[in-house]
Amino acid sequence: MGVSRVQKFKDYRNSLIKEEAPDFEIPKSSSPEETILEEKDATSTLPIDQVMDAINEDVDEEFLRRQKKRKILFISLISLGILLLIAGIVVFAVLVF
């Protein structure tokens, strides 16, 4: 019959207790108050140039989107006008002849 889980665990614990076994240090857990203080001490600030460049990029992207929409609208309106003109000429030609 095979070795049970309990026996394997006992063997494992005994191997860790032996003097030759390496000593693993368990890191000390810091209190939540110390963690909060450490987080407050660390600041992450960006240079003003980097912030301004990011703002300018956003403004430029928005301007390009608006410009593209206007161009599409302009081309659509011109196409619609030409289509109406051609339809008017065809209707006029049918009525006259």
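**Entry 1: salt bridges**

I began with Glu62, which forms a salt bridge with Arg66, the closest N and O atoms being 2.7 Å apart. I used the term for a side-chain nitrogen of Lys or Arg within 4 Å of a carboxyl oxygen of Asp or Glu. This is a predicted model, in which local features need pLDDT of at least 70 and side-chain atom pairs count only at pLDDT 80 or more, while totals for chains, interfaces and linings use all residues. I noted that residues are numbered from 1 along each chain as its sequence is written, and that side-chain values use heavy atoms, with hydrogens and water left out.

I then looked up the total, and the structure holds two salt bridges. The other entry I wrote down joins Glu61 to Arg65, with 3.7 Å between the closest N and O atoms. Side chains of opposite charge can pair when their charged atoms come close.

I checked where these residues sit. Glu62 and Arg66 lie in helix 3, four residues apart, about one turn of the helix. Glu61 and Arg65 are also four residues apart in helix 3 (residues 48-96), so about one helical turn separates them. Helices are DSSP runs of H or I with at least four residues, strands are runs of E with at least two, and both are numbered from the N terminus.

For accessibility I took buried as under 20% relative accessible area, exposed as over 50% and partly exposed as in between, with a 1.4 Å probe and protein chains only. Glu62 is partly exposed at 39%, and Arg66 is partly exposed at 49%. Glu61 is partly exposed at 41%, whereas Arg65 is exposed at 53%.

**Entry 2: the nonpolar patch**

I listed a nonpolar patch on the surface: Phe74, Ile75, Ile78, Ile82, Ile86, Val90 and Val94, with about 670 Å² of accessible area together. Patches take residues with over 30% relative accessible area and no salt bridge, joining like charges within 9 Å and nonpolar side chains (Val, Leu, Ile, Met, Phe, Trp, Tyr) within 5 Å. Areas come from the Shrake-Rupley method with a 1.4 Å probe, and for residues only the protein chains shown count as cover. I looked up Ile75 by itself: it lies in helix 3 and is partly exposed at 47%.

**Entry 3: aromatic rings**

Rings of Phe, Tyr and Trp (its six-membered ring) pair if their centres lie within 6.5 Å; planes under 30 degrees apart are stacked, over 60 edge-to-face, and the rest tilted. I found one aromatic pair by this rule. The ring centres of Phe9 and Tyr12 are 6.5 Å apart and the planes stand at 35 degrees, so the pair is tilted. Phe9 and Tyr12 lie in helix 1 (residues 5-17), three residues apart, about one turn of the helix. Phe9 is partly exposed at 47%, and Tyr12 is partly exposed at 48%.

**Entry 4: the whole chain**

I counted three helices and zero strands, in the order α-α-α from the N terminus. Buried residues make up 1% of the 97 residues. The chain exposes about 10200 Å², of which carbon and sulfur atoms supply 63%.

Last, I read the pLDDT, the predictor's confidence in each residue from 0 to 100. The chain mean is 79, and 70% of residues reach 70 or more. Where pLDDT is low, the predicted coordinates should not be read in detail.
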